[in-house]
Amino acid sequence: MAKQNVAEQFIDILVRAGVRRMYGVVGDSLNPVVDAIRRNPAIDWVHVRHEETAAFAAGAEAQITGRLAACAGSCGPGNLHLINGLYDAHRSMAPVLALASHIPSGEIGLSYFQETHPDRLFQECSHYSEMISNPKQMPRVLQTAIQHAIGQSGVSVVTLPGDVAAEPAPDKTFESALVTSRPTIRPGDAELDRLVELIDKATTVTLFCGSGTAGAHAEVMEFAGRIKSPVGHALRGKEWIQYDNPYDVGMSGLLGYGAAYEATHECDLLILLGTDFPYNAFLPDDVMTAQIDVRPEVLGRRCRLNLAVWGDVRETLRCLIPRVKEKTDRRFLDRMLRKHADALEGVVRAYTRKVEKHVPIHPEYVASVLDEVADEDAVFTVDTGMCNVWAARYISPNGRRRIIGSFTHGSMANALPMAIGAQSTDRDRQVISMSGDGGFTMLMGDFLTLVQRDLPVKVVLFNNSSLGMVELEMLVAGLPAYGTTDVNPDFAAVARACGVFGVRVEKPKHLAGALRDAFRHNGPALVDVVTDPNALSIPPKIKAEMVTGFALSASKMVLDGGVGRMLQMARSNLRNVPRP
């Protein structure tokens, strides 16, 4: 049997760790690695048009599957292009292994052609970033990188010079057992006892949930029912906690709706469950607060805590439920449910009057129809900006759908690349890219990846010919909109020129049919929907100093728009409220 080289050993270890594909763009410093993948039937090379797409796609795959995903970039500019997508994956806690190939090892430090220092460049967006400069470092450096990415839920980067990748692997190497899943973490009895005491003493309790409640829906519902607690959520908690939730009071934050803000401010005890919600202006500073999180570093960094509990949300709630006393007074819960329903009734009116006849089309209407016609297990990838608003308010989670986006890093152009990663994991599952025209055109080259890979991604393009969220921020700051207008082509015609099913929609009556036709098409498709750039009505009480990027720092009032099926959900929950 021929002796393995370092690249072949590298790929074999990734396969053992569960990696099934590597996203990237080929380059000479990557040649040994790409050739090793070519000869290994257990792993696929996914050729994309831009390395940023490769990193976004790997991050999305990791979020959908829960497994380690991988991407690669060639030396210098190639791997430098990975950095934005890796920042997003790292901040989304997606386990990703990035391979940054490097210039010839004998030229490092001599300002060689395309020289950078990847092992330094990626330190801020990774848990582990090291260079293999000698074959004897294999396989231990790679195994260590894998354990960091999986164990700490984030990015690891291995820098590998092309000449080192082609060298023979060491004769006597050891292969350690690889950890490929995370354990559950149970708090200590002392912390549990203190939390039980706080809950039992409090007359009213509110739960505020983030992405750390993934897999804990049943436990959160049982716990909320036992202590008669309203349940609010952050954007990243929406897909895990909003569905089948008789205690739902909506979402807090810039995109918020309903009574979540009131519920978190008017309770005796606020419990933060698996959330690193960054907008502390929306959190109370005068309410007893406890936080439960599997990451100890996030405990207390957003608000003052009375109790910090280090533990997995699901396991912690399983320990709490039999210990806490069941509360019988549900007046606070019922009052918040009424407020939630009333709040949604108030904001929904703006976009329910003759919306089917409005031209240009209301984007709220597009999102509402999309929610109705999409599959019950669809994956939605969402561009940063106004598409975040429409997804937050109109896409209905049900426990089977997934909604992913650059919700923490806040990068544009993420939706299409993420859809590539999501669709690559399951070609039979419906994947919908909710793209804005600004984000789509940033990485539009990878629309061709859908064609080349025959990925049946459905791109629903919210085409308002503007950078809508930036324009909103300017207007709120009292500035005239400037530099926010896009001159766009007929994107449906562009799609058809690429050999993709493309349809342009300018009238509301054609929308549902166009979406259904695109979704029925056996292959990639694009629906170019011309939407109203002036769809948002800005509440007059928003002041310039209140908006910074995506954060609103001093007000719970945000965007005055509809909220889709959430209104019906709120009305349904009111059935549980006793009538006076």
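Colleague: How many disulfides does a search of the whole structure find?

Modeller: This is a predicted model, in which local features need pLDDT of at least 70 and side-chain atom pairs count only at pLDDT 80 or more, whereas totals for chains, interfaces and linings use all residues. Residues are numbered from 1 along each chain as its sequence is written, and side-chain values use heavy atoms, with hydrogens and water left out. A disulfide is taken as a pair of cysteine sulfur atoms within 2.5 Å. Over the whole structure, the number found is zero.

Colleague: Is Cys209 buried or exposed?

Modeller: A residue is called buried under 20% relative accessible area, exposed over 50%, and partly exposed in between, with a 1.4 Å probe and protein chains only. Cys75 has a relative accessible area of 7% and is therefore buried. Cys209 has 0%, so it too is buried.

Colleague: What percentage of the residues in the protein are buried?

Modeller: The protein has 23 helices and 21 strands; these are DSSP runs numbered from the N terminus, helices (H or I) with at least four residues and strands (E) with at least two. Its accessible surface, from the Shrake-Rupley method with a 1.4 Å probe, comes to about 23100 Å², of which 50% belongs to carbon and sulfur atoms. Of the 580 residues, the buried share is 58%.

Colleague: How many residues does the largest nonpolar core have?

Modeller: A nonpolar core is a set of buried Ala, Val, Leu, Ile, Met, Phe, Trp, Tyr and Cys residues joined through side-chain atoms within 4.5 Å. In the largest core, the residues with the most contacts inside it include Ile199, Phe223 and Ile271. Elements that each supply at least two residues of this core include helix H9 (189-201), strand E7 (205-209), helix H10 (217-227) and strand E11 (269-273). A second, separate core has 44 residues, Val48 and Leu461 among them, while the number of residues in the largest core is 47.

Colleague: Which residues does Ile271 contact, leaving aside its neighbours within four places in sequence?

Modeller: Contact means heavy atoms within 4.5 Å. Ile271 is among the residues with the most contacts inside the largest core. With neighbours within four places in sequence left aside, its contacts are Ile199, Val205, Thr206, Leu207, Phe208, Phe223, Ala290 and Ile292.

Colleague: What covers the buried residues of H10?

Modeller: H10 is mostly covered, with eight of its eleven residues buried. His217, Val220 and Phe223 are among those buried residues. Just after the helix, Lys228 takes a positive phi of about 55°. The cover of the buried residues includes H9, E7, strand E8 (231-233), helix H11 (238-241), E11 and helix H13.

Colleague: Which residue in E6 is the bridge partner of Leu99?

Modeller: Two strands pair if DSSP finds at least two bridges between them. E4 and E6 run parallel and are joined by seven bridges. For Leu99, the bridge partner in E6 is Val158.

Colleague: Which residue in E6 is the bridge partner of Tyr128?

Modeller: Strand E5 (residues 128-131) also pairs with E6 in the parallel sense, over four bridges. E5, helix H7 (residues 140-151) and E6 make a right-handed β-α-β unit; right-handed applies if, with the strands pointing away from the viewer, the path from the first strand over the helix to the second runs clockwise. The bridge partner of Tyr128 in E6 is Ser156.

Colleague: What distance separates the C-alpha atoms of Ile404 and Val382?

Modeller: Ile404 lies in strand E15 (residues 402-405) and, at 1% relative accessibility, counts as buried. Not counting residues up to four places away in sequence, Ile404 touches Val382, Phe380 and Met418, among others. Ile404 and Val382 are 22 residues apart along the chain, and their C-alpha atoms are separated by 6.3 Å.

Colleague: Which residues does Tyr112 touch, not counting residues up to four places away in sequence?

Modeller: Tyr112 is placed in the loop between strand E4 (96-102) and helix H6 (118-121). With a relative accessible area of 34%, Tyr112 is partly exposed. Beyond four places in sequence, Tyr112 touches Ile103, Pro104 and Glu107.
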